[in-house]
Amino acid sequence: MLSMYETLDVKIEERVAWLTLNRPEKLNALTPTTMRELRRFFTEVDDDEDVCVVVLRGAGERAFCAGMDLGWSEQLTKQERVEQGRLGEKTFAMMERLSVPVVAAVHGYAVGGGLELALAADFIVASDNAKMGLVEITLSARPPYRPKMTEDGDPDQPEFGGSAPGWGGVKRLPRRVGKAMAKELLFTGVRLDAARAQRIGLVNDVYPADEFDKRVGELAERIAAMNRYNLRLVKELVTHEYDWIEPHPS
């Protein structure tokens, strides 16, 4: 089933698909190639009856995902800027609609588009070293809140009008933490530590960094032990708020 990937590492073991963003030297920042490869993986895994859960993670010690690759962002024409937003939203929506559960296992930085990707998973667990936020609004802020990487200008800020996270974060974050909390996080562009992320419901659980892989593995193993069709059914019922009065006859 497995394809070869340039920016992803994929392993399937004991009914768990381990999907790893594999650009650690770039903090696993997302590129057009990554988006295309994610879409291919989602298509393949959705039809694989040997997979009961997907665990999404980032390679290296420093980051789950630092968002959109700045090199990609800086080179976009005005037309391409519109299309990259659609590409990201469509790609993340594919993951959200997968038949099986998707768990985002976040360590280090998960900012901007990286957190938007994690939010498209069914839920997030985090290492205690995680730092998370939708930080896009700070890219064109006044000092001292503007990061060094955009001190010469924010490539995503249009000449007229506004700019906001474009890969689904503005709809998924309020669903996770509530509108008022989402607005605070989006207005300030703050990066949360793992403890506060858990307090507000952004992440389900926080594991010590030295136990992170082990604890994520135990969680994945437990979910993978469940019947795949029951997992699919429960995911659909919860996601779409269906009523389930009685099971179908068989």
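This report describes the pockets of a predicted model and some local features of its backbone and side chains.

The model is predicted, so local features need pLDDT of at least 70 and side-chain atom pairs count only at pLDDT 80 or more, while totals for chains, interfaces and linings use all residues. Residues are numbered from 1 along each chain as its sequence is written, and side-chain values use heavy atoms, with hydrogens and water left out.

## Pockets

A pocket is an open set of points on a 1 Å grid over the protein atoms alone, where a 1.4 Å probe fits and protein lies on both sides within 12 Å along at least five of seven lines; lining residues have an atom within 4 Å of a point. Grid points are joined across faces, edges and corners, and a volume is the space filled by probe spheres set on the points. Helices (H or I, at least four residues) and strands (E, at least two) are DSSP runs, numbered from the N terminus.

The largest pocket has a volume of about 1100 Å³. Its lining holds 44 residues, and those closest to the centre are M68, E136, L139, M149 and D156. Two or more lining residues come from each of α2 (70–74), α3 (78–96), β6 (109–111) and α4 (113–119), with α3 giving the largest share, 4 residues.

The second largest pocket contains about 510 Å³ of space. Of the 17 residues that line the second largest pocket, A121, D122, K235, V238 and T239 lie nearest its centre. The elements that give two or more residues to this lining are α3, α5 (169–177) and α9 (228–240), and α9 gives the most, with 5 residues.

The table sets out both linings by class, where Ala, Val, Leu, Ile, Met, Phe, Trp, Tyr, Cys and Pro count as nonpolar, Asp, Glu, Lys and Arg as charged, and the others, Gly among them, as polar.

| Pocket | Nonpolar | Polar | Charged |
|---|---|---|---|
| Largest pocket | 21 nonpolar residues | 13 polar residues | 10 charged residues |
| Second largest pocket | 9 nonpolar residues | 1 polar residue | 7 charged residues |

## Backbone features

Most residues other than glycine have a negative phi, and most peptide bonds are trans. In the loop between β1 (8–13) and β2 (16–21) lies E14, whose phi is positive, near 50 degrees. R15 is found in the loop between β1 and β2, and its phi is likewise a positive value, near 70 degrees. Relative accessibility is judged with a 1.4 Å probe on protein chains only, buried being under 20%, exposed over 50% and partly exposed in between. E14 counts as exposed because its relative accessibility is 73%, and R15 counts as partly exposed because its value is 34%.

P143 and P144 are joined by a cis peptide bond, with omega about 5 degrees, and P144 lies in the loop between β8 (131–133) and α5.

## Buried residues

D48, in the loop between α1 (32–46) and β3 (53–58), is buried yet has no salt bridge, and R228, the nearest side chain of opposite charge, is 6.5 Å away. Here a salt bridge is a side-chain nitrogen of Lys or Arg within 4 Å of a carboxyl oxygen of Asp or Glu; Lys and Arg count as positive and Asp and Glu as negative, with His and the chain ends not counted. A polar atom of the side chain of D48 lies 2.9 Å from the backbone nitrogen of D50.

L119 lies in helix α4 and counts as buried because its relative accessibility is 1%. The C-alpha atoms of L119 and V203 are separated by 9.4 Å, although these residues are 84 residues apart along the chain.

Note on methods. A polar contact is a pair of N or O atoms within 3.5 Å; within protein, one must be able to donate a hydrogen and the other to accept it, and residues adjacent in sequence count only if both atoms are side-chain atoms.
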